[in-house]
Amino acid sequence: MVLIWPLFIPLLGAALLLLCRDRRVADAVALAVCGVEILAIGNAVWQVHRWGSIEGRYLRADGLTSFFLVNIAFISALSLVYATGYLRHVGEGRFSSARWFYALVYLFLFTMVGVCLSANLGLLWIMMEATTLASAFLVGFYNTEGAVEAGWKYIVVCTVGIAFALFGTIVFYLAAVKGGLSHASALNWTTLLAAASQKQFDPNLVRLAFVFILVGYGTKVGFVPMHSWLPDAHAEAPTPVSAMLSAILLNCAMYALIRYEILASRAIGTEFAHTLLLFFGTFSIVVAGLLILVQRNLKRMLAYSSVEHMGIIAIGVGLGGPLGLLGALLHTFNHSTAKALLFFGAGNVRHNFGTLRMDRVRGMARSNPRTAGVLIVGGLAIVGLPPFSLFVSEFAILSEAFTQSRYLIGGVFLLVLSLVFGGFLYHLLRMICGASQETQPKPHFARAEFAVMVVAGVCLLYFGVHIPAAFSVLLREAMTVLQ
Amino acid sequence: MTMALGAVQVLILILGAPLARGIIARIKAWFQRRQGASIWRPYAELGKLFQKEDLVPPTSSLIFILAPRVMFAAALAVAAFVPVLQPFALFGSVGDFVLMVYLLALGRFFLALGALDGGGAFGGMGASRDALISTLAEAPLLLALAAVSISARSASITGIVGGTLRQNFFEISAVHILAFAALGMVALAESGRMPVDNPTTHLELTMIHEAMTLEYSGPSLALLEWAGAVKLNIMLALLISLFGPWGMAGSLSPAALGIALGAYLLKMLVLMSVLAVIESSMAKLRMYRVPDFLGVAAALSVLAVFFTMIAKR
Amino acid sequence: MEFVGIAAGKVVSTSAVFLILTIVGLAVARRISTCVLLFSMQSVIITAQVAATAYLENSREAWVVAGLVFTFKVLGIPYAFFWLVERLKSPRDVKASTTPAQSVFVVVVMVFISYAAVRSYVFGIRVPEDALAAAVALILTGAFLMVSRKKALMQMLGLLVLENGIFLAALTTTFGMPLVIEMGVLFDVVVGLLLMGIFTFRIRDTFEHLDVSRLRRLRG
Amino acid sequence: MMVLDVTFWSFLALLGVIVPLLQLGGRGRFVRALSIFLLLVGILAGLAVAGVCFWKNVPVTLRLPSVAAFPLSLAVDRLSAFFLFLICSVSLPVCIFSTSYVTHHYAAEKARWMWALLSLFILSMAVVVTASTGLAFLVGWELMTIVSAGLILIEGDSEERIHDVYIYLLMMHAGAAAVVAAFFLYWPYAHGLEFDALRSASMSLPAGLRGAIFLLAFVGFSTKAGIIPFHLWLPRAHPIAPSPVSALMSGVMLKTAIYGLVRFGFDFLHGGPRWSGYLVLAAGAVSGLLGVLYAIAEHDLKRLLAYHSVENIGIIYLGLGSSLLFLANGAPMWANLALIAALLHTLNHALFKSLLFLGAGAIAHSTHTLDLEKLGGLLGRMPITGAAFLVGCCSIVGLPMFNGFISEWLTFRSFLYGSNLTNTEAQVVLPLMIGILALIGGLAAACFIKVYGVAFLGRPRSTEAEHAAEAPLNMRLGMVVLALACILLGLFPLTVLSPLASLAQLLVPGSTAPEEIYFISRVIPWVALTLLGALVVMQAVRRRQRVAAIWACGLPGLTSRMQYTSTAFSKPIRSVFVSVYKPDRTVNRLPTGQSYFANSISYRSQRTTSFEKFLYRPFVDAIVAAARQVGRLQTGNIQVYLLYIFLTLVSLLVCLRFLR
């Protein structure tokens, strides 16, 4: 019952918001629903902490779920508060009004919470596909050429990818059924985990299933070469949605993948799944690192950076080990914060300069010092410099790589970090420094927007220096699920 | 007593320097079948200059006056490193060759600054050319000294001299021959003699050392000239004491000291004759051939160092 | 009743051939409406197979699934497609980037591959080899259609064929997943198609054509 | 020692938190003045801690709360104390200098950032040298880079500057990656990055790994140190920073790299692999020679000084290399000597290079230019600055009685001992390094004759130089403090040498304090006395002076354009070493076609370093080309995207089939 609320509230919120015709009312309702949702998630996380895990027929939650739920709550709260300021600049169209926006966002949120709470692998798939469906209109929200194109690519590519995940799910189901589980429980995660530990599954089938799952959910995570939808969708979506796509959706897809990784590792040993994850992770960071170098559009660059960071998380999970998993989980959270902050900054750039072309933006330090500050903090954090939190998580993953004497991966990782550093700094320095353009854009900044960014920035800094005790507990409980 | 003798040695090197110049000029004149001036003339010149007033360019600063004095003081300090009559010198046992070379560099540094402070074109020209030469001379100088020092297993000047003294003249090694050649060439360059520099020219295309002292007059010029003479004297004395110290006074008896003085004067005369021969028979090198000349010296000194390794086996 | 059982068994064992026929048809079809019809026929075969399975396994859930499949895939979706083709008023050819001959060749190769791929798995799990191979062939053909047909509508159709293949695979290997899940999957498919349909309108409105291979503004 | 702990804490707190917060958050002049005062107090506290630890050898350890699974702690052992002392003793005069520099040069808003970042910069360097876990080290290391880049950007942000800063950041990051890798290679053996663990793990490392760690540390730290060919950033970044920052970057920040190399090479690895000495020697020789040669060709004062940093780091490397070589050949006594030489030169270079950069700052303050061709005659106009700068010049050239000489002398002596080794290669290589060092010294002397002669002596070459006025009091104070330090250290080196000898004994086990340090300490005062005595005597018997114009070859008078310029001065050396410079010369005559009757001739000589052309450019081009190729895969065609997915799936399935 505890788990119903986090699912139900966004759905209810979406319905409520469709009724709000006035933008101000919609803002207020959206924020209120967000507050209630945070409470619901907080309650669920607390209960999980108290009882260890909550099992249900269709919904369940354990430490890993809590961790991702906290992530979702945090980022969506930031995004929604940011959106209240952001939407003032958006022209009202037939379906591009504030209420539609909020309604779709809450629908999107519902599906993502659903992904995390699913106890049934089939339900997990359904929710995963639903995330695509819910966010497709958000991606195409502006209804411009680019938005429509991005939306189409997003929905088609992701649906095809997810279709393979469905096949993978079926094969897993087959393996479970052949392994002696009943039809009703052969998709239930808890049962499957127990059976996997007993080595009841045909290893060949599990391998086959995992390959399909990896390609399928990997499309959603944004592994190269299945990442093609990602830069388009991130670049064309409204900024709060970009932030949510990058900072929550990708994590949710990663969450699904991690669930299967746990199963596969239990069933056939860790080597197979880990090798695949390491391969895709490494390949992704190399390609994304190179692509970051040649981007011209700020949001596209951020999108490729997301690909890179998902690769890093995959490497962390693929390495396993206490430090690798710790790093991967921390990195999930840290990357979300940093990427959300950067997307917010990018949104401001778009408002103030009317473009996202990085070569047309100059001298922000003078004309928009606050946006410049946001981009500096976010940029330094995302390339993994201390004292920001991504440094710590990347440090942990690297430690694990070297602990296992995987010098190749460690070396490639370090090289790519330098590459990405070069790519980011090249553009950021030019955007922030230098003489500003002749037509001075009006520095614009709503208080709410700025507050959000300050929260994110402080969070990045704080987690780089110290990890709060509560968060440590959350991390520890998530890691017990993983190990 | 030893200390006193050390002081005497310094005086010999300082006060005898103009004389050495005079003698060289006289030998050169003899080679050129001229009568030549008196060998005491340099003293007269110095005396004359010391009587005069110092002319200071209007744009110059304190450095202009300071430079000749630092130059002379440095020469004085270096003179205290070189054994003449006995295998001992004031700084000879505590100071090593590196310190000695760097003291010479101190003088040169300030001389060049003084030249630049004149504010004319020639000072800069001389300083620039001198900078090239002394830069290139420093490496062979130190390497050759190092080679000698390695084979004597001591870095101090008196230690090296003592090491050579313990050797028989006929057992003199390849290291010494090579180092001697290198040091000889460097000594020519360092003291501004042919074929590197012509001390008698004032032609703007060719002069180096003279260009640097061109704006000086009176006591400053006297100090510069004197210091230059001391430097030459030191170089010659150094060559003698490092490569041919035999005859130096082992004890402080008058007889030994007398022999030592005689031997020193004789050896000095030989070297000065060689110098005069070189100066009379060779043309000055073009400016950009000087690096080749010093390159040969460097090669010789590198070989000398290399041979120390072979000699040790 | 014995006769029905035999017929059901027959359906299960021979449907593969008919499915392969529809695949070949899809490869050579030049008009969108033909493709939709072929898809509809494909769905009929699958429905029949579900029904046969339901009868043989005597499962009530499977009957519900058969009903759902029939309603949506045989009737609903093809009807929606025809409606779309009418409303979009776009040219009716499929705009293939391969000639029909090439397409047929590719499809035939894919059928071979399917049989070869399935062979190594069927021994372990005892499923009808033909049906599973047909399912894999459907998946591959769906993928092929999506890659080789430039029309947005044809991509949707390719996706449907692909989904049919997956459904069939689930059916032949495990006799279907739990009902709730099947319904959820079907719901997703339908909503997904709905969204894609809306997007086709948007594409037509913004670009004035439906050729997705020309949507190349975002790249690099 | 509670007192030391508290002092060290207050140093960290003042520099890291209080001063930046007061500067950025505080309002009013009083608060800002207070924060500057607190900054100076903080540095003094650091100086006190470092001094006590260095001379009395009392270690201080601070444990900080760990981040995630990684402990953070700072510890001041004797090596750290030496470097902390170096940092603080240079920072103090630089900050004094800055008090007037910043007020004169920056508006209030920039000044706040300047002070805040300056404080953080000093702190980050202190963190680097006192860190006792890998994480703390790397945090300090990266902070140091970012903060210094911020300081450079405060000065101005034109396109070229941004480009230079970018190159700086990029190379620093790549270097940091190498350092990170060097640390991480320890992990399987040390199970952590605490320095104690690394130290004990070094015993059990396999030989290959030792070599790899040393190589990575060498590359990483050499990048920071500006060793050729990793020096590309140095002559770009140092000149464009504000002068006090240049002083800190060149004087102190480069030294953190030396610290790192000593930490790794001596403390952790106890000498590294056998070839380590040759590698470091070669790097030092190349950097020393090329650095000074490039410096001579420059006529921008700060660029010239930057290249001299390359040279001096080269000299330090020569000392370190010979120490490593001695260590590898089982001669700890001489290794000790060479290490002392290197460390002393580190301190010396910090003192005189920051003095020179401050001098450059004072010149820029008074004349608004750093182009040597536009200076001249400044000594009469800025006597204190001029005198202090002269001390700096004498020190960097290594003239006796100044501090640079002591360390160069020790280096020479250590080379000389090379002949006593049994290893034939070392026996030849080390003594030959005497020649290299002598050549470097000679070239440096030539270069600083040029600098001082052209900038401070003769006639002014521009109206700005003609109207130059002496720098404000605080600037002078900063320079004079450093100049005095240079002289005192040059005359009485034993104060630093004897604790350094004890430090070297810790790093090189089995050695005793070499007699050379006592030797030089004894002889230098006597030599100085002789020189000064002679000078005093000569001054006493000085005759009258008269000011008279010099002979102008019959022309009406001399103008400043007739003086030798900086370019002209260096011409002989440049033409001898032409193969090093490889200049691209272009001569344009107008009108074209008539070679004898030209109206105007313009001559341009441009030098792009060969390293940039042949090493970095192809590398960067290759990466960008690869990135573009990869970018082409993102065609924009959705069908191709789908194909990627299918192909990935198929190839994975094929792999699955065949790997089974």
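Predicted model: local features only at pLDDT ≥ 70, side-chain atom pairs only at ≥ 80, totals over all residues.

Guide: Helices, taken as H or I runs of at least four residues, and strands, taken as E runs of at least two, are DSSP runs numbered from the N terminus.

In chain D, Asn57(D) lies in the loop that runs between α2 (29–56) and β1 (60–67), and its phi is near 60 degrees, a positive value in a residue other than glycine. Asn57(D) counts as partly exposed because it has 14 C-beta neighbours inside 10 Å.

Further along chain D, the loop between α7 (187–190) and α8 (195–201) holds His191(D), which is not a glycine and yet has a positive phi of about 55 degrees. His191(D) is exposed, because 12 other C-beta atoms lie within 10 Å, and a residue with 12 or fewer is classed in that way.

The loop between α9 (207–225) and α10 (234–240) of chain D contains Pro229(D), and there a cis peptide bond with an omega of about 10 degrees joins Ile228(D) and Pro229(D).

In chain A, a cis peptide bond joins Val224(A) to Pro225(A), with omega at about 5 degrees, and Pro225(A) is placed in the loop between α8 (203–221) and α9 (229–236) of that chain.

As for the setting of chain D, chains B and D share the most contacts of the 4 pairs of chains in contact, whereas chain A and chain B do not touch, their nearest C-alpha atoms being 41 Å apart.

Terms used: Residues numbered from 1 in each chain as written. Chains lettered and ligands numbered in written order. Contact = placed C-beta atoms within 7 Å. Buried ≥ 20, exposed ≤ 12 C-beta atoms within 10 Å, placed from the backbone.
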